[in-house]
Amino acid sequence: MGNKLTGKDLIKLGFPKNNSINIALGQINRYRKREKKESILAEAKEVLLHPEKFNGHGTWGKVAEGLVNPVQVRMHQLKTTRAPFAIFGENEIDEQAKFQLYDSLKLPISVAGALMPDAHSGYGLPIGGVLATDNAVIPYGVGVDIGCRMSLSIFDLPASFLKGKDHQLEAILKDHTKFGMYETHAIKADHEVFYRREFQDIPLLKRLLDKAYKQLGTSGGGNHFVEFGIVKIDNPLNEWKIGAGEYFAVLSHSGSRGLGANIAKHYTYLATKQCPLPKNVQHLAWLDLNTHDGQEYWLAMNLAGDYAKACHDDIHRRIAKILGKRVVVTIENHHNFAWKEIIEGKECIVHRKGATPAAEGQLGIIPGSMTAPGYIVKGKGNAESLNSASHGAGRLFSRAKCKSTFTQSEIKKVLLANDVTLIGGNIDEAPMAYKDITKVMANQSELVEVLGTFTPKIVRMDR
């Protein structure tokens with residue numbers, strides 16, 4: 001019979017002839033393939049006798065759930081009416097993005113939704129879409145780049161610090177920032193995030209720990225960047241210890257790298273298996289937070305968010321160290337994430353896919369493009385927007401459309417006109433690919449208060 005564990009072995013142990021056998025074989029094949037059959041069977045017997053002991057356990061938690069309280073897999077239909085919603089800057093948003101929001105509002109789990117003025121269509125939820133749900137999390141409502149975020153470091157240095165240092169600052173970005181799939185730092189940094197229990201307790205994360213360690217302090221491809229520029233503070237906060245004026249600053253945009261992408265892929269697959277939906281909305285499949293997989297995704301997503309922050313912290317630490325200067329103000333925020341928040345008196349899961357949290361008094365940074373200013377903002381806590389704002393200017397042209405519309409020489413002209421130096425960057429990130437950020441900001445004046453701006457000067461992106 002060989003050493004391969006089969007369903008018959010589990011039936012012999014006393015497993016009921018139901019889906020718990022398939023779940024057990026799936027978990028063993030995925031995570032315990034290389035182990036001896038005898039030791040696996042001994043553990044399986046223990047799970048069968050005392051399933052309650054294995055609640056939340058990496059390999060066996062799902063099997064125990066299958067024995068005691070199996071997940072009900074059934075086809076879900078959309079409701080005929082939409083949950084309440086608000087759209088900001090409606091005239092600037094394409095119809096497809098609106099229809100994607102409308103579909104999501106008909107999910108049986110939906111409580112409320114909103115669309116930000118930078119919105120455009122995406123997979124599942126539109127980019128710029130905000131959706132509050134009842135005790136369920138939609139992996140594609142969070143997005144593939146979990147915890148993608150902005151981080152701004154302001155130095156107590158005048159804007160004139162940039163003058164005459166172009167080559168020096170370009171060299172710092174070339175040598176000390178890493179982009180794309182394969183670039184990593186020669187000297188790796190350690191971080192407390194790697195010692196989190198989730199990396200030991202969740203088998204998928206255990207396998208991703210090495211990748212996460214290698215990629216710490218690196219940025220992704222696409223629209224991710226690290227840039228030097230000028231911050232102009234108009235309305236300083238007392239705790240900043242700097243007054244109104246113009247300062248030298250660093251802004252970065254990236255997320256949770258391979259760690260987040262693998263988490264998204266794995267749990268999206270599980271969600272589509274557990275939550276069949278009509279074909280046009282299958283991307284909106286959710287995980288119930290009362291299930292093993294729902295709880296596991298929630299822990300993994302939060303870890304990916306903390307890892308994304310750790311990456312930004314490492315990027316800014318490296319740059320500050322090379323400059324030999326001290327950061328005086330840091331402003332940062334996620335824009336691909338889900339949070340537990342109270343909506344109309346009830347705890348909901350609020351998904352923000354390409355949207356910035358903007359609760360009352362909450363600080364954030366909303367970038368424009370490589371030639372347009374970004375905005376330092378303070379949230380107004382607008383309930384209609386589910387305490388959210390845009391995450392940037394939003395795309396006017398898709399990546400494919402950029403490639404057929406713009407040329408490198410056109411991009412060079414725009415960069416020159418705006419006195420911006422670009423290292424790397426592809427045609428699909430052309431400044432012209434984005435909406436007018438001033439219009440977007442005008443369309444969300446009831447969502448955020450502007451405290452200042454960031455103007456890019458030396459921009460580094462993936463090649």
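Modeller: A polar contact is a pair of N or O atoms within 3.5 Å; within protein, one must be able to donate a hydrogen and the other to accept it, and residues adjacent in sequence count only if both atoms are side-chain atoms. This is a predicted model: local features need pLDDT of at least 70, side-chain atom pairs count only at pLDDT 80 or more, and totals for chains, interfaces and linings use all residues. Residues are numbered from 1 along each chain as its sequence is written, and side-chain values use heavy atoms, with hydrogens and water left out.

Colleague: Which side chain does the side chain of Thr-59 make a polar contact with?

Modeller: That of Arg-32, at 3.3 Å.

Colleague: Where is Thr-59 placed? Buried or exposed?

Modeller: Thr-59 is in the loop between helix 3 (37-49) and helix 4 (61-68); helices are DSSP runs of H or I, at least four residues, numbered from the N terminus. Thr-59 is buried, at 5% relative accessible area (buried means under 20%, 1.4 Å probe, protein chains only).

Colleague: What does Thr-59 touch?

Modeller: Gln-27, Tyr-31, Arg-32 and Pro-203, leaving aside residues up to four places away in sequence. Contact means heavy atoms within 4.5 Å.

Colleague: Switching to domains. How is the chain divided?

Modeller: Into domain 1 (7-68) and domain 2 (148-255 + 308-334 + 353-461). The bounds come from an automatic or database domain assignment. Their C-alpha centres lie 45 Å apart.

Colleague: How many residues are in contact there?

Modeller: 4 residues of domain 1 with 4 residues of domain 2.

Key: Helix = DSSP H or I, 4+ residues; strand = E, 2+ residues; numbered from the N terminus. Buried < 20%, exposed > 50% of the residue type's maximum accessible area, 1.4 Å probe, protein only.
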